[in-house]
Amino acid sequence: MNTRQYTVQFTESEQISIDYFLNNLHLNKAYNPENPGSPQAAVELQEMKDRYLAYRTGWRGIPEEAIERGLHDEFYVQMKQPPQSIDVETSALCDLACPHCFRQYIATPDKMITEQLFREVIDQAVDLGIPSLKLNWRGEPLMQPLLPRFIEYAKRKGMLETVINTNAVTLDAEKARALIEAGLDMMIYSFDGGTAETYDKMRVGRFKENRFEDVYENIARFHNIRKEIGSPFPRTRIQMVLTPETMGEVDEFRSRFTPIVDDVLVKAYEERGLNLEVYTGEKRKMLLAKLSQRTKRKVNTIPQTMVWERTEGEFLLSTGRLPCQQLYQRLMVAYDGGVYMCCNDWGAEHPIGFVSGTGYEDGMKDYDSAFHRAQTNSKGFELLGNIQLPVRSNHPETKVSTLEEIWDSVELNQVRKSHIEGRVNDVSACRKCTFMDTFKWEPL
């Protein structure tokens, strides 16, 4: 078994997705030749294809090489690679209160990025040569009313790939058409459960009731509208988190969604801080016995980062940590202009720089507000009573920097160095991280 195991297993679907994008690249909104059909236009199209392939192969290839060579301070100088993706938090607001989400234990502001800041970030990203943009981080992007305009701006500036993760709760016909016409390239649905009973339990509405049938209809309608328009984009993917409730519904999940999305995937559950009991009953007894035998000591609890049920009945044991590939792949830009190194830093505890003064001028004000509203049971916070305030563990210089400066900053290179040298736990945000791709796994 390879040392690094990935929570999302693309297998053959990854190549299908790449081929799909390449075959339809002439319809990508970033491709806008002055003389369509001319030799120069053909050259421009091939250049875009080459750039896209470099991005897809580099997503894991670049960090693998950097880690193998032990690069941290010299990474950007030697490899001359910008981030392969930038995640811009167009909305930190979410309309669900899923019991397995970070939002259930870390105060998260109900805020949105301004159009001015978004445009400034995209301008920098394009100039830096970043090929891919995800228009969300901790919130639901469909809550951002300017989302189609944001996508259109990014495509017009030349961003090769635009992506959103969405719960599809508010994906009505109007939003569907707007996203397609804006040029969105990939839409990833988060949908947990192959049955209404499981989905309704795991995808709880925060402001009003959320129902399986309604969201399924939204996804099916999007499929029909895209077909009606005749657009190959956005390609659609649906992902389900594997929990005890969903583990037995994989086949039903796949059969239900295969006709209306392009790609159906399942991914590992990652503990979000509530210490949910993942293993119960006979399965828990069996695992405790195996762990006690393996570690030669009595084991009474099963930390989620100790055991991973990769597929039903296939258990892996973690034996240590690995350098995180995200440090060489992407940057996260919060709604206020704070910049972060990892999508799992939900509480924005480890900033590595700022592209806007708002990111340090407002400090924790928005987080304090969310915490107070939860403590006073304010409207929309009734299901978030257990949240705690995040604690900032890193304090970069309070100045506005460019994305390029932050990508090659002392702040980020220090973290890379800690990971390369096997000192992952020296970084507070990394020590608490449950991103399973960063653990060593072997069969249990």
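Q: At what angle do α5 and α6 pack?
A: About 10 degrees, in this predicted model. Their axes are 8 Å apart. Helix α5 covers residues 147-157, and α6 covers 173-182.

Q: Parallel or antiparallel, then?
A: Roughly parallel. Angles under 35 degrees count that way.

Q: Which residues make the contact?
A: From α5, L147, P148, I151, E152 and K155. From α6, A178, L179 and A182.

Q: How does that contact split by class?
A: Six residues are nonpolar and two are charged. No polar residues take part.

Q: New topic. Where is R392?
A: In the loop between α12 (365-375) and α13 (403-407).

Q: Buried or exposed?
A: R392 is buried, at 18% relative accessible area. The cut-off for buried is under 20%.

Q: What does the R392 side chain reach?
A: The backbone oxygen of A348, at 2.6 Å. The R392 side chain also makes a polar contact with the side chain of Y340, at 3.4 Å.

Q: Which residues is R392 in contact with, leaving aside neighbours within four places in sequence?
A: Y340, A348, E349, P351, G363, M364 and Y367.

Q: And how far is R392 from S38?
A: Their C-alpha atoms are separated by 54 Å. Along the chain they are 354 residues apart.

Q: What about S231, where is that?
A: In the loop between α8 (212-229) and β5 (235-242). S231 counts as buried, at 19% relative accessibility.

Q: What does the S231 side chain reach?
A: The backbone oxygen of F233, at 2.7 Å. Leaving aside neighbours within four places in sequence, S231 is in contact with I180 and R226.

Q: Switching to aromatics. How many pairs does the structure hold?
A: There are 20 aromatic pairs. One of them is Y52 with Y55.

Q: Why is Y52 with Y55 called edge-to-face?
A: Because their ring planes sit at 65 degrees, and over 60 counts as edge-to-face. The ring centres are 5.9 Å apart.

Q: Where do Y52 and Y55 lie?
A: Both are in helix α2, residues 39-69. They are three residues apart, about one turn of the helix. Y52 is buried at 0% relative accessibility. Y55 is buried too, at 8%.

Q: And F191 with Y199, stacked or edge-to-face?
A: Stacked. The planes are at 25 degrees and the centres 4.3 Å apart. Both residues are buried.

Definitions and conventions
Residues numbered from 1 in each chain as written. Predicted model: local features only at pLDDT ≥ 70, side-chain atom pairs only at ≥ 80, totals over all residues. Heavy atoms only, no water. Axes fitted to C-alpha atoms, helices over the stretch in contact; angles between N-to-C directions. Helix = DSSP H or I, 4+ residues; strand = E, 2+ residues; numbered from the N terminus. Parallel < 35°, antiparallel > 145°, perpendicular 65-115°, else oblique. Contact = heavy atoms within 4.5 Å. Nonpolar A, V, L, I, M, F, W, Y, C, P; charged D, E, K, R; others polar. Buried < 20%, exposed > 50% of the residue type's maximum accessible area, 1.4 Å probe, protein only. Polar contact = N/O pair within 3.5 Å; in protein donor to acceptor, adjacent residues only side chain to side chain. Phe/Tyr/Trp six-rings, centres within 6.5 Å; stacked < 30°, edge-to-face > 60°.
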